[in-house]
Amino acid sequence: MVEQEQTVTDRRPTPADPLPGQPKDPSQPGREGHDLPPELGPNPVSVVEGRTFMFSDPVGDVPAGTIGGLVNADTRLLSRWVLSINGNRWLDLRSGTVTHYSAEFFLTNPELPDLPPNTLGLRRRRVLGDSFHEHLELRSFAVEPVHLELRLETGTDFADLFEMKHFVRERTTIARDHASDGSRMAYRYRNGDFQVETVLDVRPHADRVEGDDLIWELDLEPDGRWECELDVPLSFGEQEVRPERRRFPLPASTNDPVNAWLSQAPSVESDSYVLENTIETCRRDLIALRIATRAGDREIMLPAAGLPWFLTLFGRDTLITAYQTIAAGQALSRGTLLALAAYQGSTREDFRDEEPGKILH
């Protein structure tokens, strides 16, 4: 008996396989055998606020072609973000998160011609709120005046999350509108109805612009200081709750959702430091992964599935997390039920795998 060849033309299209039945080319981007983008080395640093995160190496840099960058609403707004001194990378002394939405990097210079190592100190402070904000504070510990070139390499590919993990297709239609006075860098991209932009505001202005790089020529006296503010505004959907504006130094805000969450959540006292520390860490991790949004006219919050690749609503993960943490407060459970009810399937659409009554993912 001869087996009949099975056909796959009756398979429904899905986002993972939009053209069922067509042979897959193993050399296509993102498929087996293709090189994955490099990681950011040991001890990468991430800050997160809602559906926005910045993922960098311990120096605070995002070299081009890596999995790092500034991501907002599943789209990468910055894929290159590298500070250098006289063409060399800075050295990390100490770095890490301060809160889930802020981080600090303490850096120094390597050995350079006419500049001994550890002559300069650079404090790099980063915070997420209604924008991505970075504050640079440079100080000279030299006994003589120092001249240096500080360069910030910028760039974006507007990749989505799945491209970042596998292969980023080239977008040749990214438009650039950089200010010649070094005050602003702007990237814009449009594809049909989808449009996105990255705008970087710079204070003080760079001395010159080379391609996508900002360059400052600095002369520092002994114990001299120089500061700079870098700001990338973020956009939010109609149903998203806009975070507050955050700058350094960070004030103790009465409207801060972290403080509100901790004040309402039950506290645990134990003679075990390990137990107390574990519970406190879990509480802060939960609030770091919250998504603030609206269901009708009500503001709600619900847990995202995880940082960095699943910073969104997952039916199964969100339900289980909300159920397991209800003892720490009902806000996440209430928000989860309202959000999933709002997105519950109401029609049949094979491409989205939607059916009446079905809960997403």
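Arg246 counts as buried, since its relative accessibility is 6%, where buried means under 20% relative accessible area, exposed over 50% and partly exposed in between (1.4 Å probe, protein chains only). The model is predicted, so local features need pLDDT of at least 70 and side-chain atom pairs count only at pLDDT 80 or more, while totals for chains, interfaces and linings use all residues. Residues are numbered from 1 along each chain as its sequence is written, and side-chain values use heavy atoms, with hydrogens and water left out.

**Salt bridges**

- The whole structure holds 35 salt bridges, each being a side-chain nitrogen of Lys or Arg within 4 Å of a carboxyl oxygen of Asp or Glu.
- One of them joins the side chains of Arg246 and Glu49 at 3.2 Å, N to O, and this pair links distant parts of the chain, 197 residues apart.
- Glu49 is also buried, at 6% relative accessibility.
- Another salt bridge, at 2.8 Å from N to O, brings together the side chains of Asp61 and Arg124, which lie 63 residues apart.
- Asp61 is buried with a relative accessible area of 0%, and Arg124 is buried with a value of 0%.

**Sheet**

- Eight strands form an open antiparallel sheet in the order β7-β8-β9-β10-β17-β14-β13-β12, where strands are DSSP runs (E, at least two residues) numbered from the N terminus and two strands pair if DSSP finds at least two bridges between them.
- The edge strands, β7 (91–99) and β12 (175–176), each pair on one side only.
- Nine bridges join β10 (residues 131–140) to β17 (residues 225–233), and the bridge partner of Ser131 in β17 is Pro233.

Methods. Helices (H or I, at least four residues) and strands (E, at least two) are DSSP runs, numbered from the N terminus.
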